[in-house]
Amino acid sequence: MSLLVLGLSHHNAPLDLLERISLDASGRRDLAHAIAGSEHVREVVVVSTCNRTEVYAEAATFHGAIADITDALSGQSGLPRADLTERLGVHYEDGAIAHTFRVASGLDSMALGENQIRAQLRVSLHEAQAAGLTGSSLNQLFQQALRVGKRVHTETGIETYSSSLVETAFGAASQIVGPPAQTRLVVVGAGAMAALVATTAARAGYGSIVIVNRTYARGEALAFRVGGRAAHLAELPDALGAADVVVSCVGAPGLVLTASVVDAARAGSQRPQVLVDLAMPHDIEHAAGDLRGVTRLGLDHLGARLRAVTGNPVVRAATGLVDTEVADFISARSVQAAVPTIAAMRERGATILAGEVGRLRSRTPNLGDAERREVEIAMGRLVDKLLHGPTVRVKELAASGRMAEYADALAELFAPAPAAESGAVTLPALAYDRPSEGGSSAVTGAAAGLRPHGGSRAPAVRAAGRPARRNAPRRCSSAGRSRRRGSCRRRCNSP
């Protein structure tokens, strides 16, 4: 099974399409259940924000999962399958892990560094967990991604990138309408982003700042903090007509400023005016930017401007941290994938040991309990020490991503024992059933065989639990052919 991320984001779809495919809690739930019904998908989490609608899945088969997820997205959104197929982005295995970590860190958002995405991922994960649609794979992925996202925001200051977004908007605006001291600014909204806009403008020395908000008291409180004045939402057309720069960051359903409202407020004025839309979904109608003298700057334009400035130290630090965490997670996941092989090695060793201990008990009925226990402990230590080296090596191969190179050899070395040879004696709580001296504890898992390199069978590694037959044909190393026990003229001890 493999990790898979499939969906649309601002990287591969226009904003109007993202808004059409955006899902609320009910839509996310319906889509997740539709995908979970696929025989090709084992786990699923649906994430839908203003920037993206993506399906995170643990897939049993790659192509089958792609087809079923695409069909479900088409059915849920009402978009033709062909239109979706042209734009869908796919991230697979290591790429899916890296993508998830970048999303949780705000490095993949349109407003780079925004912190809201972590809360949205957490909600989506909880929804899927409550519906029983996640397992160990996606739970581990999302929980670690959320931890990494928190660490990125705590240690790198990536949230200051949002300030850079506002500063970029103001820088572009000043090139059109003039210096801040002579600029009249209107801020629509009074939330966190609006507060950032207003405080940045006050720090830059804007000539006047007007806060327009649906709740007048909140707008008044923000205006007081930045030395501006508040206005009711009904006063927006008048404030708009007098403004040089308007920044809207409401993000509510529906448009805040339509092209007709802007045109009416300008009343035929030809003076330059900049409309900055920092909301998702967008507040200002795109057509408003086509009016004479009006320039509309949206998140896509500002993000492109900001990304064009290379070498941003904050982004570089955040990216480096995420890359390190991704590498560590992939390495840990690879080691975890080696558990079945390690379990096979140890279970086969335990099976052989159990058979030999059972045979020892039947052949030495007069051996005292203390002596028998010492023999069992010695035999258990021998098996532990023999398996410790291969166990460590398998973990090293997995951590270095080289397990695939040795898959055939490992399968041959640790192939399941034939059914005819599986007469192991099950022993309760033997003395050797404990962590080895090398620090490796017993690993449970599906039984598989342990065959010595080259296929030869050492004397002490006969089929577990199978009694030795007297006068059975054996291969004599001195004569090179089958002989009856004791008939070798050289009286060698070969089995």
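In which helix does Phe62 lie?

1. Phe62 belongs to helix H3, which covers residues 62-77. Helices (H or I, at least four residues) and strands (E, at least two) are DSSP runs, numbered from the N terminus. This is a predicted model, in which local features need pLDDT of at least 70 and side-chain atom pairs count only at pLDDT 80 or more, while totals for chains, interfaces and linings use all residues. Residues are numbered from 1 along each chain as its sequence is written, and side-chain values use heavy atoms, with hydrogens and water left out.

2. The sheet is open and has four strands in the order E2-E3-E1-E4, with antiparallel pairing (two strands pair if DSSP finds at least two bridges between them). Because strands E2 (41-48) and E4 (89-92) are at the edges with a single partner strand each, one side of each lacks a neighbour in the sheet. On average, neighbouring strands are turned by 15 degrees against each other, direction ignored.

3. Strand E1 (residues 2-9) and strand E3 (residues 52-59) run antiparallel and are joined by eight bridges. Gly7 has Glu54 as its bridge partner in E3.

4. Helix H2 (residues 25-36) lies across E2 and E3 and runs at about 160 degrees to E2. Helix H7 (residues 136-156) packs on the sheet, where it touches E1, E2 and E3, and its direction makes about 35 degrees with that of E2. Contact means heavy atoms within 4.5 Å; axes are lines fitted to C-alpha atoms, for helices over the stretch in contact, and angles run from 0 to 180 degrees between N-to-C directions.
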